[in-house]
Amino acid sequence: NILNHSLKVSLHLQVLDGLLAQYGTVESCEQVNTDTETAVVNVRYAAKDQAREALDKLNGFLMENYALKVSYIPDETAAADAPAVGGRRGFNSRGPPRQGSPNLGARPKLQSDVPLRMLVPTQFVGAIIGKEGATIRNITKQTHSKIDIHRKENAGAAEKPITVHSTPEGCSSACRNIMEIMQKEAIDTKITEEIPLKILAHNNFVGRLIGKEGRNLKKIEQDTDTKITISPLQDLTLYNPERTITVKGTLEACAKAEEEIMKKIRESYENDVAAMHLQSNLIPGLNLNALGIFPGAASGGMSPSVLSGPPAGAQSFGPQVESETVHLFIPALAVGAIIGKQGQHIKQLSRFAGASIKIAPADELDTKQRMVIITGPPEAQFKAQGRIFGKLKEENFFGPKEEVKLEAHIKVPSFAAGRVIGKGGKTVNELQNLTSAEVVVPRDQTPDENDQVVVKITGHFYASQLAQRKIQEIISQVRRQQQPKASATGPAVARRK
């Protein structure tokens with residue numbers, strides 16, 4: 001059973017679903033109690049070793065400041081060794097966050113919102129920790145930082161992630177210390193090859209780090225005398241959105257490059273958070289931290305207003321965000337994978353997302369693409385579309401070096417189309433810059449019978465989601481402004497149709 005304290009159980013189940021899928025094939029995930037204080041969820045994996053791994057990795061995992069409690073129930077003897085986690089300290093469902101895990105609390109802290117994430121060769125982890133943890137304690141003290149070494153992650157992998165929470169200066173100082181230890185250890189163990197610095201960064205920020213035609217990255221390389229490479233997009237998954245930035249050069253040069261790289265990443269993060277604040281009704285109640293659109297937001301960088309729904313006074317448009325319809329275009333060959341055997345997959349997806357999902361009949365004009373019609377509130381859109389993007393990647397409908405980019409259509413009232421474009425295209429350009437999705441309002445469209453026109457959005461999952469939310473926000477604003485006018489000039493509005 002997985003126990004997690006949550007009043008927004010359904011949302012947490014969605015986040016949980018993402019966590020669980022990392023360790024194997026989840027055959028079922030059912031909430032078995034209706035108590036509002038805690039949710040007990042029974043999870044069935046396809047294989048025993050997958051369940052065991054989930055148990056190891058998720059026990060004590062912090063979600064919204066509460067530690068998950070996980071126990072294992074083998075099939076043969078339902079309750080034989082169920083209480084696999086007795087009362088281990090810090091794992092009670094409402095206990096304090098255990099040390100060694102990033103604190104997801106929303107208390108303001110004197111540190112950067114974006115932690116430094118490094119990848120280090122597994123063979124150096126022992127030296128970084130030191131005898132009885134003395135070395136790592138020393139580093140945390142000197143650099144006023146909190147350092148998590150994720151030793152149990154990626155069992156058997158050649159590298160382990162390390163997360164440093166501190167001020168930008170503290171992160172850089174800890175990074176330099178860790179690199180010095182690795183270099184010394186390499187000399188002591190007669191390793192001759194160069195030990196590069198590897199930084200993990202969320203894909204959302206990597207484009208801006210690289211810059212147009214690679215200019216930003218080239219500048220950092222020149223200024224710091226290093227060689228920098230970035231892992232390909234095909235290594236990304238819906239559950240692992242990080243890219244690896246590998247820096248080669250002298251220790252001094254790598255340390256300088258880390259400062260420049262992280263400066264750029266923090267800037268991107270701050271710009272995104274500022275953009276989010278502007279649209280505080282992004283998805284009422286949706287916890288962005290947990291969904292990983294904003295890495296590092298988990299350390300308290302995002303104001304509760306973004307997470308808890310519309311600000312006071314904005315209730316009037318509540319009903320308008322209730323349900324939306326999005327047309328998502330997928331490769332025609334992928335239709336079978338989305339529908340699944342006897343429609344099983346599409347049914348499960350519908351249930352999981354809380355959305356209606358239908359595949360439109362093939363259009364003779366365009367046989368290469370098929371339209372998926374998704375109807376449901378914003379959170380359901382996020383879940384349904386996220387799963388469709390993920391499925392297309394898993395089933396290799398996009399090449400190993402390609403990112404999954406799809407076209408989505410939203411219908412907007414014709415009177416709001418101008419606002420989406422903005423004066424001289426200003427709004428649509430800003431939208432594209434902010435979200436990195438391509439947004440097009442085709443000119444000279446004839447409005448349909450409901451006086452609506454189509455806006456086309458093309459981009460990877462997160463970019464497309466952000467653009468969809470921004471456009472829905474513009475529509476709600478226009479509708480709110482139209483309301484008084486509509487009642488004052490009823491006949492005039494009718495005549496426009």
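This is a predicted model: local features need pLDDT of at least 70, side-chain atom pairs count only at pLDDT 80 or more; totals for chains, interfaces and linings use all residues.

Student: OK, and which helix does glutamine 468 lie in?

Tutor: Glutamine 468 belongs to helix 16.

Student: Is glutamine 468 buried or exposed?

Tutor: Buried, because its relative accessible area is 0% and the cut-off for buried is under 20%.

Student: What about glutamine 465, where is that one found?

Tutor: Glutamine 465 is in helix 16, which covers residues 461–488. Glutamine 465 is buried too, with a relative accessible area of 3%.

Student: And what is glutamine 465 in contact with?

Tutor: Once neighbours within four places in sequence are set aside, glutamine 465 contacts Gln381, Phe382 and Gln385. Gln385 is also among the residues touched by glutamine 468.

Student: Tell me about helix 13, then. How many residues does it have, and how far does it reach?

Tutor: Helix 13 runs over residues 378–394, which is 17 residues. From first C-alpha to last, helix 13 reaches 24 Å, close to the 24 Å expected at 1.5 Å a residue.

Student: How many residues of helix 13 are buried?

Tutor: 15 of the 17, so helix 13 is mostly covered.

Student: What comes just after helix 13?

Tutor: Asparagine 396, with a positive phi of about 60°, comes just after that helix. Glycine 399 is in the loop between helix 13 and strand 16 (406–413). At 21% relative accessibility, glycine 399 counts as partly exposed.

Student: How far apart are glycine 399 and glutamine 234?

Tutor: In sequence, 165 residues; in space, 7.9 Å from C-alpha to C-alpha.

Student: Back to that phi. Why flag a positive one?

Tutor: Most residues other than glycine have a negative phi.

Student: Which phi does aspartate 225 have?

Tutor: A positive one of about 60°, although aspartate 225 is not a glycine. Aspartate 225 is in the loop between helix 7 (215–224) and strand 11 (227–230). With 64% relative accessibility, aspartate 225 counts as exposed.

Student: And what about the phi of glutamine 342?

Tutor: Glutamine 342 is not a glycine either, and its phi is positive at about 50°. The loop between helix 11 (335–339) and helix 12 (344–353) holds glutamine 342. Its relative accessibility is 73%, so glutamine 342 counts as exposed.

Student: Fine, so at what angle do the axes of helix 4 and helix 5 cross?

Tutor: Roughly 150°, with the axes of helix 4 (residues 134–143) and helix 5 (residues 168–188) coming within 9 Å. That makes helix 4 roughly antiparallel to helix 5, because the angle is over 145 degrees. Helix 4 passes helix 5 in a right-handed crossing.

Student: Which residues meet there?

Tutor: On the helix 4 side, Thr135, Ile139, Gln142 and Thr143; on the helix 5 side, Gly170, Ser173, Ala174, Asn177, Ile178 and Ile181. By class, this contact has four nonpolar, six polar and no charged residues.

Student: Zoom in on asparagine 177. What does it touch?

Tutor: Asparagine 177 touches Ile139, Gln142 and Thr143, not counting residues up to four places away in sequence. Asparagine 177 counts as buried at 15% relative accessibility. Asparagine 177 and isoleucine 128 are 49 residues apart in sequence, and their C-alpha atoms are 9.1 Å apart in space.

Student: How about helix 14 and helix 15, at what angle do they pack?

Tutor: About 65°, with the axes of helix 14 (residues 414–421) and helix 15 (residues 426–435) 4 Å apart. Arg419, Val420 and Ile421 of helix 14 make the contact with Lys426, Thr427 and Val428 of helix 15. Those residues divide into three nonpolar, one polar and two charged.

Student: Last one, the whole chain. How many helices and strands?

Tutor: 17 helices and 18 strands. Of the 497 residues, 48% count as buried. Among contacts with a separation of 6 or more, 67% are between residues 24 or more positions apart.

Notes:
Residues are numbered from 1 along each chain as its sequence is written. Side-chain values use heavy atoms; hydrogens and water are left out. Axes are lines fitted to C-alpha atoms, for helices over the stretch in contact, and angles run from 0 to 180 degrees between N-to-C directions. Helices (H or I, at least four residues) and strands (E, at least two) are DSSP runs, numbered from the N terminus. Angles under 35 degrees count as roughly parallel, over 145 as roughly antiparallel, 65 to 115 as roughly perpendicular and the rest as oblique. A crossing is left-handed if the near helix is turned anticlockwise from the far one by less than a right angle, and right-handed if clockwise. Contact means heavy atoms within 4.5 Å. Ala, Val, Leu, Ile, Met, Phe, Trp, Tyr, Cys and Pro count as nonpolar, Asp, Glu, Lys and Arg as charged, and the others, Gly among them, as polar. The expected span of a helix is 1.5 Å times one less than its number of residues. Buried means under 20% relative accessible area, exposed over 50%, partly exposed in between (1.4 Å probe, protein chains only).
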